[in-house]
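Please look over the complex shown here, with attention to how its parts are arranged and where they touch. The notes that follow are grouped by topic.

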Amino acid sequence: MSNLQSLSLDTWRLEPEVVAGAITVRMSGLGDMAVVKPFADFLAGLKDEISSADIQRVEFDVRNVQLLNSSCLKSIFNFAFRIKAEHPSCQMSFLTSASQAWQARALGPIQRMVREQVTISAA
Amino acid sequence: MPGKRICIGILANSLAGDYQSEVRLAIERAASERDVDVLFVSGQQNAAASSLALVGSAIYSMLGPERVDALIVLSGTLTHYMGVDGLERLCQSYAPLPVCSIGVELPGVPSLLVDNAAGMEVVVRHMLEVHQRRAPAYIGGPLNSDEAELRRVAYLKTLGQAGVSWDPRLLAAGDFSAESGAVAMRELLAHGVAFDVVVAANDYMALGALEVLKQHQLSVPRDVLVAGFDDVSVARFCNPSLTTVRQPLKRLGTLAVDTVLRQVANQRVPNRTAVAVELVRRESCGCGYQLTRTWAPTASDASGRAPALSERLGELSQQIRKVVAVPSDVLQDWPERFLDSLMHELGGEPGRFLQDFEHLLEAAQNEGVALDEFQQVITLLRSELPRTSAADSTAVLERIWHAARLLIGSASVRAQGRRRLDVEAAALHLARSGERLSTALSMPLLRQVLGEELPSMNIMRAAVALHDADLATLKPFFLMVDGREVETHTAGYPTRKLADEAYFTSEQRQSSFLMPLTFEDKQLGILLLSAGANETLYETLRHQIGSALKSAALHREVVQQTAARERVEQESLRQETRMAARLQTTLAPSELRVAGLEISALMEPASESGGDYYDVFPLPDGAFLAMGDVAGHGLAAGIIMVMIQSMVALLARESPAGSPAELLSRLNAALFDNVRHRLQRDEHATLVLMRYFSNGRVVFAGAHEDILVCRADSRRCERIATDGVWVAALPEIESMLVDAEFQLRDGDLVVLFTDGVTEALNVHSSLFGVERLCSLVEQAQDTAVHVIRDRILAAVHAWAPQLHDDVTLLVARYRGSADAEA
């Protein structure tokens, strides 16, 4: 049974769903300074879940995210980098909005730095 | 308006103990009948430390004419702690208040004394003469107790008078506690000297001795007889029940009230009043069993002719009065009325006796009488009356005695049940108050809990006052009158006032407990609680409130310390931020002259510095331009920004021909090592490095916000993405960096910015955004670069009421020649 809990703040919401060895995290709202700490904590829990449940695929659905500031991006990069080090077979993908090009551009450096395991797609 | 009611203070070592409880109840009854207020004052016996210590004894010196008109001192409970001399000095300090001592004779103080010597003599003679014992052992009381010494001397004197020799190895001593009695009993047994009776200087030590005898398989009374002194309530209920000397505690209480009231009225009172004691024979000397056997009616008794009941009323009244200890004047003539009722029953009023007896039992229970003692009355009358009655009355009497015994039994069960319910209710109240008080970690919450819990325990008046730096003054903390919390307006008052006047102002007679509030050995303040609750509550409640006060004070201290630490940390952070902002702004380039470019730039650090960076390094054929943002805030971000600035400055000067990708790769290697290994941090930075050539060619690399180029010909902005990677995130990024380029034409504008611009939020949490920025640039493109810069900045400020990140802007217009462009 998953220990991963949803995170719901005033302007920031994370809803994880574990299905058949994969986790989807639906993200929405503003990733500003107010959410940096809870977001980092959530990603730490997500990493633990990946370790304990042998998760092979994580998808972040960021289509409803209006902002990911540099500190939130840093948290995502740190998460991706740890997954790369500890779970090299786990794939991470980011589903971005085709109408929100900034999402793919903001996440681009992460994809380029963890090229083997991170993909970005738009819908 | 009625005059002020007299208030009598009663001093004892603590609330706990049968002796204290019974005397207090007697005083309470007498005071109630005389419409006098009572203030029962107790210290706190320190169980953890020496039993001689009395924590909070300062409470006794807080009494004075401000609140009491006279004092009754339960001296026997206090000399154990402060000695006779100490108690004498304390009593003298109350002058000119009238004082009465119970139990110990104090010079100059009217004293009510039980006849300790006579009591000890009667119990010892009983053992020697009735039970024919010749090898007695004795457990004496503490050496500093006058009562204990009187009893010890009387014991030895009685043995001498009876011609019984005593072995010094059969003399032991305790401190009046059951535990010390057990220890003394073990000592006596360890000597191996045979004994057939043990007399203890008080009941509790006798009870301790009984337990040890049982453990050694010695039967009481078959092998050894045991007797105590005082007749505490548990003496009746232990197994076997304890033969003892009854102190007339209730009588002492009533006498004490009358003594001080006479003093208050300036009447003379005797300096010394001795009150007789009596032997109570129970099972531990064998008499309990004998009574049952010898008092059974016999055939010859039943058939004999003797004087009528009416002729023996006086004699029988005296006998049954001795059997039952009735405390109050209310039931003073109960034996006469009891026998009168019996005569009416026998004279032809069937049911009269049982009806009256039921009322008597109820009244006796209300007065705290042990109802089982009436069984002995029935036993006695059953033995005596057949000799005085006609034979045909015997059957009637037997039915009456049977019914009377059933009445006593059911009344006893009801009384026990009521007491048990009271105790259970008190335990529940205490459990709840303990839980709530222990979690009331703030003073206001503690007051609220007190205001809610005390009335539910039937404590309708309460005052909690805390000592200031010294014990001479008190600060009111909580005041409740008639079940409602009352606001106090006094900041403090002399300790001898004890509480706000409102506590003591009442048309109803008041009875209260005054106790010290302590935590460990520290005196916190005082607690005043009105009587009315089960008396077992008060002592525990005092502990709970004392602990809660200390916890709340500690919590407040922690909160204050935390707040102070946070203030220091915040100030430190502010200083860091100011330093970081200074670093950023000081290192911003002052000279922006680059061939072919009109440049205007600014950096506006946020309140919490965001680590923004921009720079311009002119070269003979153009310049290096850079802009970046360290992920994170504060001093660390500022320091990393300074590192980036230094490295870019060095590389730009050292390798003017180097490509941006190559320089960034070299910068990254050094920066990664500094940040990750030396600083042990995890910051990274967005950074775009642009090599501008005076012919309008721009080569760039890195990952940062888009580069905006507003074309002079189309008058529209192009967004040129920077598709590299961050610096300081990975040790090696050479393979991930590529140089890209674009061409500027005359009049084109280049705008570099950080996320402080585009991520500025308005009151509706909407982003300023890149589109809005582009639109602004397009609208202002014909104006000077510094005007464009200022308009953007003004727009950002207008958009966002508060900026949480640095805002950095660089606006450059290319003024190149056609030749150069070619």
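A residue counts as buried under 20% relative accessible area, as exposed over 50% and as partly exposed in between, with a 1.4 Å probe and protein chains only. This is a predicted model, in which local features need pLDDT of at least 70 and side-chain atom pairs count only at pLDDT 80 or more, while totals for chains, interfaces and linings use all residues. Residues are numbered from 1 along each chain as its sequence is written, chains are lettered from A in the order in which they are written, and side-chain values use heavy atoms, with hydrogens and water left out.

**Helix 22 of chain B**
- Helix 22 of chain B spans residues 770-780, and its buried residues include V770(B), L773(B), L776(B) and V777(B); helices are DSSP runs of H or I with at least four residues, strands are runs of E with at least two, and both are numbered from the N terminus.
- Among the elements of chain B against which these buried residues pack are strand 29 (749-753) and helix 23 (785-799).

**Interface of chains A and B**
- Contact, meaning heavy atoms within 4.5 Å, joins 25 residues of chain B to 21 residues of chain A.
- The buried area, which is the accessible area (1.4 Å probe) that two parts lose on being put together, summed over both, is about 1800 Å² between the two chains, and carbon and sulfur atoms give 63% of it.
- W726(B), L730(B) and E759(B) supply 27% of the area that chain B buries against chain A, more than any other three residues.

**Salt bridges**
- Between chain B and chain A there are 2 salt bridges, each defined by a side-chain nitrogen of Lys or Arg within 4 Å of a carboxyl oxygen of Asp or Glu.
- K74(A) and D682(B) form a salt bridge through their side chains, at 3.2 Å from N to O.
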